Amino acid sequence: MSISLLDFETESIKVGVYLSRTNDENLKIRVFIIPTHLIKRDDHYSVMFNTIVTTDSDKIKPGEMCNPQNILSHKGKVLENMEVVSKPETIIRADDRRIIISLELTSVVVYPELRDPSGSPCVVASWIYFQDVK
């Protein structure tokens with residue numbers, strides 16, 4: 001069994017875009033898949049990646065900063081009616097193969113009282129990911 005870290009080329013990053021509404025705000029949630037490492041064992045590939053989730057609001061306002069400690073002390077609201085504009089997908093190349101990484105959001109929780117540096121509400125997302133090697 002041979003395990004190796006491979007160099008790869010990022011072919012494309014397609015942003016996932018989701019629209020929703022909470023309280024009096026219209027939200028645009030964007031999800032990016034950023035590959036960081038590619039590991040190969042025999043003929044199997046595993047992609048390590050970071051996921052970036054950002055939120056834009058039509059009601060920018062100040063508030064308590066969004067961070068893990070503050071999330072624990074605030075009540076979030078699960079977004080149930082999200083419109084999927086596009087799903088996130090990233091394609092990388094290595095060993096003359098294309099590896100497609102995609103995400104399916106399973107839960108999105110918004111914390112309206114907590115705000116990011118741009119004044120949009122804090123959002124926490126959960127997902128499952130898929131990879132396809134061609």
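In strand E10 (residues 97-115), Arg98 is the bridge partner of Arg93. The latter belongs to strand E9 (residues 89-94), which is joined to E10 by six bridges in an antiparallel arrangement. Two strands are taken to pair if DSSP finds at least two bridges between them, and the elements themselves are DSSP runs numbered from the N terminus, with helices (H or I) of at least four residues and strands (E) of at least two. In the hairpin formed by E9 and E10, two residues lie between the strands, and Asp95 adopts a positive phi near 50°. The model is a predicted one, in which local features need pLDDT of at least 70 and side-chain atom pairs count only at pLDDT 80 or more, while totals for chains, interfaces and linings use all residues. Residues are numbered from 1 along each chain as its sequence is written, and side-chain values use heavy atoms, with hydrogens and water left out.

The pairing of E6 with E10, by contrast, is parallel and consists of two bridges. Met65 stands opposite Arg115 of E10.

A search of the whole structure finds one disulfide, defined as a pair of cysteine sulfur atoms within 2.5 Å. The bond joins Cys66 to Cys122, with an S to S distance of 2.0 Å. Cys66 is located in the loop between strand E6 (64-65) and helix H1 (68-72), whereas Cys122 is in strand E11 (residues 121-133); the pair therefore ties together parts that are 56 residues apart in sequence. Relative accessible area is classed as buried under 20%, exposed over 50% and partly exposed in between (1.4 Å probe, protein chains only). Cys122, at 3%, is buried, and Cys66, at 28%, is partly exposed.

Asn23 is situated in the loop between strand E3 (16-22) and strand E4 (25-41). Its relative accessibility is 54%, and Asn23 therefore counts as exposed. When residues up to four places away in sequence are not counted, Asn23 touches Lys77 and Pro112, a contact being defined by heavy atoms within 4.5 Å. The C-alpha atoms of Asn23 and Ile128 are separated by 27 Å, the two residues being 105 residues apart along the chain.

The C-alpha trace spans about 55 × 30 × 20 Å along its principal axes. Of the 134 residues, 35% are buried. Among contacts with a separation of 6 or more, 68% are accounted for by residues 24 or more positions apart. The accessible surface, from the Shrake-Rupley method with a 1.4 Å probe, comes to about 8,000 Å², and 50% of this area belongs to carbon and sulfur atoms.
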